[in-house]
Amino acid sequence: MSTSIKTKDKTAEKVVLPGNHPSAEFTAEGLAQDFLWNMRFSLAKSGDRATERDCYKALAYAVRDRIVDRWMATQDAYRAAKVRRVYYLSLEFLIGRLLGNNVINLGLEQQCREAMDSLGLDWNRLRDYEMDAGLGNGGLGRLAACFMDSLATLDLPATGYGLRYDYGIFRQRIVNGEQREEPDNWLKYGYPWEIQRPEYACLVGFGGHVEHYTGRTGRDEWVWVPAQQVQAVPYDLPIVGYQGKTVSTLRLWSAKATNEFSLDEFNRGDYVEAVESKVLAENLTKVLYPNDSTTAGKELRLRQQYLFVAASVHDILRRFREEGHEWRHLPKYVFIQLNDTHPTLVIPELMRILVDVEGIAWDDAWTYVRACTGYTNHTVLPEALEKWPVPLMERVLPRHMQIIYEINARFLQQVATLFPGDIARLARMSLIDESGDKFVRMANLCLVGTSAVNGVAALHTEILKKTIFRDFYEIMPTHFSNKTNGITQRRWLLKANPRLASLITETIGDGWVTDLSQLAKLKAKVNDKAFLKRFAEIKRANKEILANTIFNTLGFQVSPDAIFDVQVKRLHEYKRQLLLVLYIIILFNRLIEKPDLDVYPRVFIFGAKAAPGYWVAKLIIRLIHGVASVVNTHPLVKGRIAVAFLPDYRVSLAGTEASGTGNMKLMLNGAITLGTLDGANVEIAQEVGKDNIVIFGLKTEEVAKLRPTYNSKAIYESNPEIKRALDMIRRNVFSLMAPGIFEPLLQNLLDYNDYYMLLKDLPDFIKAQDRVEALYRDQDAWNKASLMNVASAGKFSSDRTIQEYAKEIWHLDPFTVK
């Protein structure tokens, strides 16, 4: 598709002369000139031959031009002042689209709109042309992206490290109700925000053997001799803080072969072998989370994690050496935050470099490593804690495995001294699980090898202390703290919901953009009918946009006046999407039995991806579509309830995404939470008040108490509505063309005793839905509750979370770049 670019006052003629690059002015005219300059000299296109992609890239380059000076100034100032920095290591950074976000943080949106208008182009269309960066999957990556935004906005010296995946996770396509995965080729046409830094590339080793020597002083020395090496090449992205004062760096590593092409093999006719090393090396950053259900997949995933860790540690220590510091000052200038257990190998890698390469005594090195690392835990499920088979570790990372054995031996000696004869405790706390096949427990290594461990919600942290990490908490209680997750209001309100953001700024000023607690001022408007009317009009306008998205995507219409019942998050059994599906079936049955039943129109909206190897989650997606095919076409319920599954859910779709912080994003935009009293919902309820949130189901302590005697079949037999719903699934009402396909779901609920206790919570969930409907029928009460959610969201800013990290764990001070 070609795009005709119209210019005024011969603007194009002003910028085509060689050497006459326009200055990066923060004006509409300057942006328009820079756009035309980049169109000609960066893309070699003239206006009448430019495609929409060319226009997007020219605009992105023009905006990037306005970032670069501030980016360089930030990094130069850090280097000159030798500041203490935090390094945030995460396998995911779900940054979404950067054009709109960068423009907002630079304060350039109006100028961009005017510049594009002067050229006959649509700013909104170009902004939305950008593909989401394929650097994450769900909440872990979105949290990391929010944190990077907050670190830059708060002027805290920080660098993020991750991997530059060629294909991200996958693009989701639905075929006959079934999830199909397609490559997410987000880099296909280049990425205008990244800058390659080949001068900082490094070699990363795998396999091989370890050689032992006795040094001149009689000290044992160890040398790892890898069998293979891969080159890690960095690509940098600018992370713009609000108002553009600080621009941090997100450095992403891409794997390249050290010898990409063998001319000898090619000339002999061995064409596949000629590029084999290139293919094997680049597989390491080909996709996010390779399927690890096979031995080869497990090894690829371990190699991927080590590439990420080794390259990042190399880069951190390179910077430390260049600034001329002594090793004993490593904790003074460096703090590495491990986002989940994926970067755990930082601990043995640092020990390897300090002990084997730098010759530092073990005890001193161990002190430095622990003092400059922290670990964030994201799960209370023991089965979700990462473990690696010992034989795989010994083969792929032989020296690291030796170091882990040494760490474990020294640690268990301390435990044995504190708890003599407690063999069971030693087995639980060991870094090696020896209950069957041997595994390395990565979470235990994090607990032993870092100076700080935090959960991400108050209740979550208490569960860690009392259950899965209880043994560790008893001997190191001061290492544990809570840092409740947060979201960046600049992405999830200022950018995602401009109408509401404008109303808030008009009412209380724009201070909320950097201090979300100021939203509390809106509580004074809860009885202001004129304000509530405008507030409700904005919410309805947004529902119209979502209704149009459903129509354009799925081909059927829904009413924006209906209740929108939204569940958008990564699909997992513990996320309990199946609970809502069972409720839909029960509601459908009620309407069939009593067509005149007074039920308020309701649209159930799902958005979720299931991991490619997680077949139960994929079955739930298929069941959602099976239910939708029946509900959406039945003449007795059509127009009263509808089910919509929006495929390929991502950051830029519908304003929020799969995340443990999803309720915070929805709350910030006026949604009312319907949920159990766990995770962040506990704190949301405390902030918003019990009348403005709908809680159902068992509490955490009740789940633990009930589990030994829980009997899901008894509930099935005693509750006619539940029994009928499950029997309909068994009778293939929702799978006529694939009979028996949902039998595994029924087995999980009945034969395997419903581990996530859906059937126990379902009756209370139905009652909670009745409360939601009653509240919605009273629009005045609903709007007040909705406004109270917005006004009470102040605590849940990632700015607050990062300030707590900086003060209590990182001991990091702001540094203002002049």
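The following legends describe close-up views of a predicted model. Residues are numbered from 1 along each chain as its sequence is written, and side-chain values use heavy atoms, with hydrogens and water left out. In this predicted model, local features need pLDDT of at least 70 and side-chain atom pairs count only at pLDDT 80 or more, while totals for chains, interfaces and linings use all residues.

View 1. Helices (H or I, at least four residues) and strands (E, at least two) are DSSP runs numbered from the N terminus; two strands pair if DSSP finds at least two bridges between them. Strand 11 (residues 334–339) is mostly covered, with six of its six residues buried. Buried means under 20% relative accessible area, exposed means over 50%, and partly exposed lies in between (1.4 Å probe, protein chains only). In a regular strand the side chains alternate between the two faces of the sheet. Val 334, Ile 336 and Leu 338 point one way from strand 11, Phe 335, Gln 337 and Asn 339 point the other way, and all are buried. Five bridges pair strand 11 with strand 1 (residues 85–89) in the parallel sense, and Leu 89 stands opposite Leu 338. Strand 12 (residues 373–376) also pairs in the parallel sense with strand 11, over four bridges; here Asn 339 stands opposite Thr 376.

**View 2. The hairpin of strand 7 and strand 8.** Strand 7 (residues 209–214) and strand 8 (residues 220–225) run antiparallel and are joined by six bridges. Val 210 stands opposite Trp 224 of strand 8. Five residues lie between the strands of this hairpin, in which Gly 218 takes a positive phi near 85 degrees.

View 3. The strands follow the order 13-15-14 with antiparallel pairing. Strand 13 (387–389) and strand 14 (432–433) are the edge strands, each pairing on one side only. Three bridges connect strand 13 with strand 15 (residues 439–441) in the antiparallel sense, and Pro 389 is placed opposite Phe 439 of strand 15.

**View 4. Arg 491, buried without a salt bridge.** Arg 491 belongs to helix 21 (residues 489–495). Arg 491 is buried yet has no salt bridge, and the nearest side chain of opposite charge, Asp 132, is 6.8 Å away. A salt bridge is a side-chain nitrogen of Lys or Arg within 4 Å of a carboxyl oxygen of Asp or Glu; Lys and Arg count as positive and Asp and Glu as negative, whereas His and the chain ends are not counted. A polar atom of the Arg 491 side chain lies 2.5 Å from the backbone oxygen of Ile 95. The side chain of Arg 491 also reaches the backbone oxygen of Arg 97, at 3.1 Å.

**View 5. Salt bridges between separate elements.** Side chains of opposite charge can pair when their charged atoms come close. The count for the model comes to 64 salt bridges. In one of them, the side chains of Arg 251 and Asp 236 meet at 2.7 Å, N to O. This pair links distant parts of the chain, with Arg 251 in strand 10 (residues 247–257) and Asp 236 in strand 9, 15 residues apart. Both Arg 251 and Asp 236 are buried. Arg 425 and Glu 474 form another salt bridge (3.0 Å, N to O). Arg 425 lies in helix 17 (residues 423–429) and Glu 474 in helix 20 (residues 470–475), so this pair ties together parts 49 residues apart in sequence. Arg 425 counts as buried because its relative accessibility is 9%, while Glu 474 is partly exposed with a relative accessible area of 37%.

View 6. Rolling a probe the size of a water molecule over the atoms shows where empty space is left. A cavity is a set of points, on a 1 Å grid over the protein atoms alone, where a 1.4 Å probe fits but cannot get out; lining residues have an atom within 4 Å of a point. Of the 14 residues that line the largest cavity, Leu 98, Asn 101, Ala 145, Asp 149 and Ile 239 are the closest to its centre. Helix 4 (98–106), helix 7 (139–153) and strand 9 (228–240) are the elements giving two or more residues to this lining.

Note on methods:
Polar contact = N/O pair within 3.5 Å; in protein donor to acceptor, adjacent residues only side chain to side chain. 1 Å grid on protein atoms, 1.4 Å probe; cavity = no way out; pocket = protein on both sides within 12 Å on 5 of 7 lines; lining within 4 Å.
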